[in-house]
Amino acid sequence: MQLHFSPSMRSITISSSNGFIDLMKIKVAARHISYRTLFHTILILAFLLPFVFILTAVVTLEGANKCSSFDCLGRRLGPRLLGRTDDSGKLVKDFYKVLNQVKTEKIPEGLKLPDSFSQLVSELKHKHYDARTFAVLLKAMMEKFEREIRESKFAELMNKHFAASSIPKSIHCLSLRLTDEYSSNAHARRQLPSPELLPLLSDNSYNHFILSTDNILAASVVVSSAVQSSLKPEKIVFHVITDKKTYAGMHSWFALNPISPAIIEVKGVHQFDWLTRENVPVLEAVENHNGIRNYYHGNHISGANLSETTPRTFASKLQARSPKYISLLNHLRIYLPELFPNLDKVVFLDDDIVIQRDLSPLWDIDLHGKVNGAVETCRGDDEWVMSKRFRNYFNFSHPLIAKHLNPDECAWAYGMNIFDLSAWRKTNIRETYHSWLKQNLKSNLTMWKLGTLPPALIAFKGHVHPIDPSWHMLGLGYQNKTNIENVKKAAVIHYNGQSKPWLQIGFEHLRPFWTKYVNYSNDFIRNCHILES
């Protein structure tokens, strides 16, 4: 603020420091105003000026510096000097009241809705909607968009399910080319393992792994990762079991690509004398039951109330309807004591795992008389993956389930299991498994839906010894937010779920842990464009 006296003391001018606002100009008439009066006037002004300065500064900070007149400044300072406040808070409260009123109202049928927010604003401007009409339109638009997002999410889940259930063209190509090689190349048909190594297939001083799969590429990764991660690869024996249609291709791969010094055996289910209809009648019923075939191969939307189902629940139900769950290969693990009568202890592996650490210490774990060494899945850092209890797998509204099982009992995982076959042969695990499968068939699959784990949870009840979770990390096939540092530390990582690493829907940041064991220099891999983008 600046105060200017004219030389004649006849006028006083008060202005801001930058000179753009003239706050007050006083003309003094000598004959009407005495010096004493003038002194008092200046004293009063000196008292008032700090308050005027503060108000001016506040207005300037709010953008009042664009004002260039007393009229503008008056409009800005007037309400403050008179104690008036901004009405925007009242407007918000009024609008909130209108929104509350329309919250429970039904949207009128046939109401034409704007396609976008900008169109809504345009209509609001030209049609002069009142607040209630605007609120109804806003509610209707949001409900419409929510429905569309929900429908697209379910469509995405269905497409993902079909992608996960199908065989990629490149993997199908690999199987066909290797099968053709089996028929035309004698080297591809050579005996596995060589005759002098046959006795080692039942030598219990070796570490025996069993892998059941019809996926040649996945099998190659499991075996390669196990051998490369082992401190004693010469002590490894792999028993690869496959179905009849894949046998020739699987045999060709391991005959043409030996993984020394490990020993590899490839057998088809048709080559096991024990696997007869008399020994596995329930499984034949499972494969041929019309209701089951419709459940796994039929319309997955039919009968599903999507309006009351969350996308995560729907995804779990879709995963449970994977056709692999009625495959004999998926049930084979329940017959290991009979299929390998000379072995005492084995590690059973799924085909969607990668081994990153030496697994030989698994054979030294004392199972304390139990049959199955497995990682429990009811506790852990990942609350989604490691939160599985019996309630997640069984229908406890069924009287038989409610009578015999505890919903809070901790579940365990398939994928990497230590099986004490000697202890297993002294139990009735297989009979219990068959019995509960029959009960579920009779109840039209109302006791459980999810594949082979639920009957195993019942059959192995009281026969499971928990092992350290670092041996087996789960969820890489459905948990996109998997902790990478934990992945690096795990002995075995498991891509259980739909997003397998060999599929396009696999998670890109988790795929390299698997692809590092794919031999891209192999002619068959190159010619079939495996994982080629």
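**View 1. Arg-333 and the residues around it.** In this predicted model, Arg-333 lies in the loop that connects α12 (328–331) with α13 (336–339). Arg-333 counts as buried, because its relative accessible area is 5%, which is under the 20% limit for that class. When neighbours within four places in sequence are set aside, the residues in contact with Arg-333 are Phe-348, Asp-350, Tyr-414, Gly-415 and Trp-424.

**View 2. Strand β7, enclosed on both faces.** Strand β7 covers residues 345–349, and five of its five residues are buried, so the strand is largely enclosed by the rest of the structure. In a regular strand the side chains alternate between the two faces of the sheet. Which strands pair with β7? Strand β4 (residues 207–212) pairs with β7 in the parallel sense, over three bridges, and Leu-211 has Leu-349 of β7 as its bridge partner.

**View 3. The disulfide of Cys-173 and Cys-528.** A disulfide is a covalent bond between the sulfur atoms of two cysteines. The model contains two disulfides, and one of them joins Cys-173 to Cys-528, with an S to S distance of 2.1 Å. The link of Cys-173 and Cys-528 is left-handed, with -75 degrees about the S-S bond. This pair connects distant parts of the chain, 355 residues apart, since Cys-173 sits in helix α6 (residues 169–184) and Cys-528 in the segment after α20 (523–527). Both Cys-173 and Cys-528 are buried.

**View 4. The disulfide of Cys-378 and Cys-410.** Here the sulfur atoms of Cys-378 and Cys-410 are 2.0 Å apart and form a disulfide. The torsion about their S-S bond is about -100 degrees, so this disulfide is left-handed. The two cysteines are 32 residues apart and link distant parts of the chain, with Cys-378 in the loop between β9 (372–374) and α14 (399–404), and Cys-410 in the loop between α14 and β10. Cys-378 is buried, with a relative accessible area of 8%, and Cys-410 also counts as buried, at 15% relative accessibility.

How values were computed
Residues are numbered from 1 along each chain as its sequence is written. This is a predicted model: local features need pLDDT of at least 70, side-chain atom pairs count only at pLDDT 80 or more; totals for chains, interfaces and linings use all residues. Side-chain values use heavy atoms; hydrogens and water are left out. Helices (H or I, at least four residues) and strands (E, at least two) are DSSP runs, numbered from the N terminus. Buried means under 20% relative accessible area, exposed over 50%, partly exposed in between (1.4 Å probe, protein chains only). Contact means heavy atoms within 4.5 Å. Two strands pair if DSSP finds at least two bridges between them. A disulfide is a pair of cysteine sulfur atoms within 2.5 Å.
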